[in-house]
Amino acid sequence: RSGVEAFVLGDVPMMAKIAESYTIEMGPLGPQWKESPQPFSCSIEEPTKQTKFKGIKTYISYRVTPSHTGHPVYRRYKHFDWLYNRLLHKFTVISVPHLPEKQATGRFEEDFIEKRKRRLILWMNHMTSHPVLSQYEGFEHFLMCADDKQWKLGKRRAEKDEMVGAHFMLTLQIPNEHQDLQDVEERVDSFKAFAKKMDDSVMQLTHVASELVRKHLGGFRKEFQRLGNAFQSISQAFMLDPPHSSETL
């Protein structure tokens, strides 16, 4: 067993020293994470093609600049992927959104690079706005470390973190207010119903969207081509109009 189940069943031994803590407080709608004392944002700009090993290895690097330092660092997709996996491993009770998918071919095409950059920006905006994920030591290391040697040391330190899975529950500071058991059970049941409905709805939407894409790439493609030819014919007609008569059109 791991995570919440192991913690609830008492299978997690207490530790002598816990260096980090995350606070849950009572908000107007119930328990919530305490807001970050130092909120910040982070920009991702200038995707640039780089090479190493005398041109044998080619990759894209992104300039990542956190607002609270103003000092840019340069990160590859593999660095984002490392951070994503550390977040999944540590915060088993928090939903961490997926990174943009990996792609074996076409990685250096401009459209793909721009599309990936936009998705990385959305992902980063979620990370920096989350009161817990944004305070993670591994995330700070990702945003601030500019030295290769220090990067490797910090990376190993994050990978040896013991406060993961069920042990993460030991870092939580909970409200002192008494919680009504029936109210808690109702909230949990309500959330479970919401999560299931959301999963089913997203799957249905994905299926419908996939069907539409398939149809537009198939039979509908010819129909859109015919429509385009019709508009092209109209534009050619305007070209035959006496000078200036159709300028407003």
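Trainee: Where is Leu-227 found?

Mentor: Leu-227 is in helix α7, residues 219-239. Helices are DSSP runs of H or I with at least four residues, numbered from the N terminus. This is a predicted model: local features need pLDDT of at least 70, side-chain atom pairs count only at pLDDT 80 or more, and totals for chains, interfaces and linings use all residues. Residues are numbered from 1 along each chain as its sequence is written, and side-chain values use heavy atoms, with hydrogens and water left out.

Trainee: Why is Leu-227 called partly exposed?

Mentor: Its relative accessible area is 43%. Buried means under 20%, exposed over 50%, partly exposed in between (1.4 Å probe, protein chains only). So Leu-227 is partly exposed.

Trainee: Why is the pair of Phe-80 and Trp-123 called edge-to-face?

Mentor: The ring centres are 6.3 Å apart and the planes are at 75 degrees. Rings of Phe, Tyr and Trp (its six-membered ring) pair if their centres lie within 6.5 Å; planes under 30 degrees apart count as stacked, over 60 as edge-to-face, the rest as tilted. Therefore the pair is edge-to-face. Phe-80 is in helix α2 and Trp-123 in helix α3, 43 residues apart. Both are buried.

Trainee: What makes the pair of Phe-191 and Phe-194 tilted?

Mentor: The planes are 45 degrees apart, with 6.1 Å centre to centre. Phe-191 counts as exposed, at 54% relative accessibility. Phe-194 is partly exposed, at 47%.

Trainee: How do you know that Arg-76 lies over the face of Tyr-59?

Mentor: Arg-76 is 4.0 Å from the ring centre. The rule asks for NZ of Lys or CZ of Arg within 6 Å of the ring centre and within 35 degrees of the ring normal.

Conventions: Helix = DSSP H or I, 4+ residues; strand = E, 2+ residues; numbered from the N terminus.
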